[in-house]
Protein chains: 2
Amino acid sequence: MNPILTAFARSPDRGRGLARDMRVRWALEEVGQPYDVQLVSFAEMKQPEHRSRHPFGQIPTYQEGDLTLFESGAIILHIAERHPGLLPTEANARARAITWMFAALNTVEPPIVEFGLASILERDKSWYETRQPMLESRVRVRLDELALRLGDAEWLDGAFSAGDLLMVTVLRRLDASGVLQSYPSLCAYIKRGEARPAYQRAFADQLAVFTNAV
Amino acid sequence: MNPILTAFARSPDRGRGLARDMRVRWALEEVGQPYDVQLVSFAEMKQPEHRSRHPFGQIPTYQEGDLTLFESGAIILHIAERHPGLLPTEANARARAITWMFAALNTVEPPIVEFGLASILERDKSWYETRQPMLESRVRVRLDELALRLGDAEWLDGAFSAGDLLMVTVLRRLDASGVLQSYPSLCAYIKRGEARPAYQRAFADQLAVFTNAV
């Protein structure tokens, strides 16, 4: 039986692949693991049935037999531990790749989410225009540091890993902001991720959900 | 040779154990692994030498022979994989404990950090008083959900795990906010964590750094 992933019945990003199921779809495609998708509405996500899978009422969740997981990072690590293709086999290189998974989710993503959230939730507030440069600057500090570390390398640490997969999906959240234009090496890095056949299959599949729902 | 952890030479929390080295110290104490500490100043953290260990110029980092890691979550997972005591041995229970590690860092911590950051960085702004209830309410949404899931259990999923270790340290960041008073079960959960002998040894060690620096 295939593992079951939950995803938005109607993604608020209109099929741009920014919802967190995209990361898990991409990981599953990288390792060649077929999966089924269960779509949930915003109302269903907050009901007890979905909360039994995901205590914070979000997507994605991942069901594999008796096991139910939530948190895209944990799901991808679980997949990466069970299939070759997302983590190096050498122990130290593997630990460093996992470090990049946490860095993407815990150091780079939070200021990006805040920057994006404010433009949705606080656009009509008197302070919006004044605060945005501060939020943007917090994002730019992280991008400066990330670009410095990446240098002219193809991926963050040797071969493509789950760390790159998460970092690319995190950086893509900035697509509409214009901020990435100052970072050509990060744009090229994102493009390398998006060019992977597994990414493209995952993107097409999540887009089809949006297209079919319209 | 012992692994080497970096920590603040002068912690801005004045020894309250809120800096992220505390989490790693606690994990190392839980598994009985001795370690050495290298203190770094704020200026040193941003220099190339430290950035070679931590691209984002923060603490903690963890050096073990040839291996250098950053990100407290990744370091703790590394320790938990190499020593018994922080993750269940049964595969599904282990995956669920790792899910709680990601949930602590990626779902519960970000709104708590934002709530705390605003009270430091934006206290003098005209919008501060108006925005704080919104930030507090984002924190309360997560605490409501966490308390609902925890129920009257001792730990989040069976025995104490690295997921609880991270969740307790994340929740402790709210100590000074008064928000936790509405959540007696979460306060009791934090106290259970703080009562562990490994926590107490780690706390004393990080406090000694602050006391000696004064």
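Mentor: The discussion below turns to domains, then to the chain contact, then to a sheet. This is a predicted model, in which local features need pLDDT of at least 70, side-chain atom pairs count only at pLDDT 80 or more, and totals for chains, interfaces and linings use all residues. Residues are numbered from 1 along each chain as its sequence is written, while chains are lettered from A and ligands numbered from 1 in the order in which they are written.

Trainee: Into which domains is chain A divided?

Mentor: Domain bounds come from an automatic or database domain assignment. Chain A has domain 1 (4-85 + 198-213) and domain 2 (91-196). Their centres, taken over C-alpha atoms, are separated by 21 Å.

Trainee: How many residues of chain A and chain B are in contact?

Mentor: Two residues are in contact if their C-beta atoms, placed from the backbone, lie within 7 Å. Here 29 residues of chain B are in contact with 29 residues of chain A. On the chain B side, H5(B) gives the most, with 13 residues; helices (H or I, at least four residues) and strands (E, at least two) are DSSP runs, numbered from the N terminus.

Trainee: In what order do the strands of the chain B sheet stand?

Mentor: Strands pair if DSSP finds at least two bridges between them. In chain B, four strands form an open sheet of mixed pairing, in the order E2-E1-E3-E4. Strand E2 (36-40) and E4 of chain B each have a single partner strand, so one side of each is left without a neighbour in the sheet. Strand E1 (residues 4-8) of chain B runs parallel to E2(B), joined by five bridges. B:Thr6 stands opposite B:Gln38 in E2(B).
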